[in-house]
Amino acid sequence: MSPSSPAERPSVLFVCVHNAGRSQMAAAFLTHLAGDAVEVRSAGSAPADTVNPAVVAAMREAGIDISAQTPKILTTEAVQASDVVITMGCGDTCPVFPGKTYLDWTLDDPAGQGVDAVRPIREEIERRVRALLTDLGVTTSTAP
């Protein structure tokens, strides 16, 4: 799971249905931990109007502000430009291209949940993002 050449930084796309919870948290953690070492995108197959407020609050507790983020529509171009595509419940709506690494992270959906229910989802996403960074050979900029 590495970019096509060592000089290139890997590109990761996180996809969920609404791009309002899981994919936003994953993208925020990856950006926070990897800095500029990884190109990070997130999108949704049917994006919501805003990021889930409980998700924003839970991420703020972790020291990451995602309040300015907005859900984005999944495009073929975003998938084509990514080395790794991580789906989180978007099913078969994510286009598949040869040469990409596809992972499916089964995670509870924070939609309609309060901050107390979002915290364990946030913790699991952070754990998986840290493991992804190890798999990509990227050193994190923040200690565990």
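## Order of the elements

From the N terminus on, the elements of this predicted model run β-α-β-α-α-β-β-α, which gives the protein 4 helices and 4 strands; helices (H or I, at least four residues) and strands (E, at least two) are DSSP runs, numbered from the N terminus. Residues are numbered from 1 along each chain as its sequence is written, and side-chain values use heavy atoms, with hydrogens and water left out. Because the model is predicted, local features need a pLDDT of at least 70 and side-chain atom pairs count only at pLDDT 80 or more, whereas totals for chains, interfaces and linings use all residues.

## Confidence

The mean pLDDT (the predictor's confidence in each residue, from 0 to 100) is 89 for the protein, and 88% of the residues reach 70 or more. Over residues 2–7 the pLDDT is below 50, and this stretch has 4 contacts in the model beyond near neighbours in sequence, a contact being heavy atoms within 4.5 Å. Where pLDDT is low, the predicted coordinates should not be read in detail.

## Burial and cores

Of the 144 residues of the protein, 43% count as buried, where buried means under 20% relative accessible area, exposed over 50% and partly exposed in between (1.4 Å probe, protein chains only). The protein exposes about 7,000 Å², of which carbon and sulfur atoms supply 51%; these areas come from the Shrake-Rupley method with a 1.4 Å probe, and for residues only the protein chains shown count as cover. Among contacts between residues at least 6 apart in sequence, 69% join residues at least 24 apart.

The largest nonpolar core has 33 residues, and those with the most contacts inside it are V12, F14, L30, W105 and V129; such a core is a set of buried Ala, Val, Leu, Ile, Met, Phe, Trp, Tyr and Cys residues joined through side-chain atoms within 4.5 Å. The elements that give two or more residues to this core are β1, α1, α2, β3 and α4, and its largest share, 8 residues, comes from α1. Apart from it lies another core, of 7 residues, among them L13, L74, A78 and V85. Leaving aside neighbours within four places in sequence, V12 is in contact with residues including L30, V84, I86, L132 and L136.

## The aromatic pair

A search of the whole structure finds 1 aromatic pair. The rings of F14 and W105 have their centres 5.8 Å apart and their planes at 50°, so the pair is tilted; rings of Phe, Tyr and Trp (its six-membered ring) pair if their centres lie within 6.5 Å, with planes under 30 degrees apart counted as stacked, over 60 as edge-to-face and the rest as tilted. Because F14 lies in strand β1 (residues 11–16) and W105 in the loop between β4 (101–104) and α4 (115–136), the pair ties together parts that are 91 residues apart in sequence. F14 is buried, with a relative accessible area of 0%, and W105 also counts as buried, at 8%.

## Helix α4

Helix α4 has 22 residues and reaches 30 Å from its first C-alpha to its last, close to the 32 Å expected at 1.5 Å a residue, the expected span being 1.5 Å times one less than the number of residues. Its buried residues, including V118, I121, I125, V129 and L133, belong to a set that packs against β1, α1 (22–34), α2 (53–61), β3 (84–87) and β4. After α4 comes G137, whose phi is positive, near 75°.

R128 is found in helix α4 and counts as buried at 18% relative accessibility. Leaving aside neighbours within four places in sequence, R128 is in contact with W105, T106 and L107.
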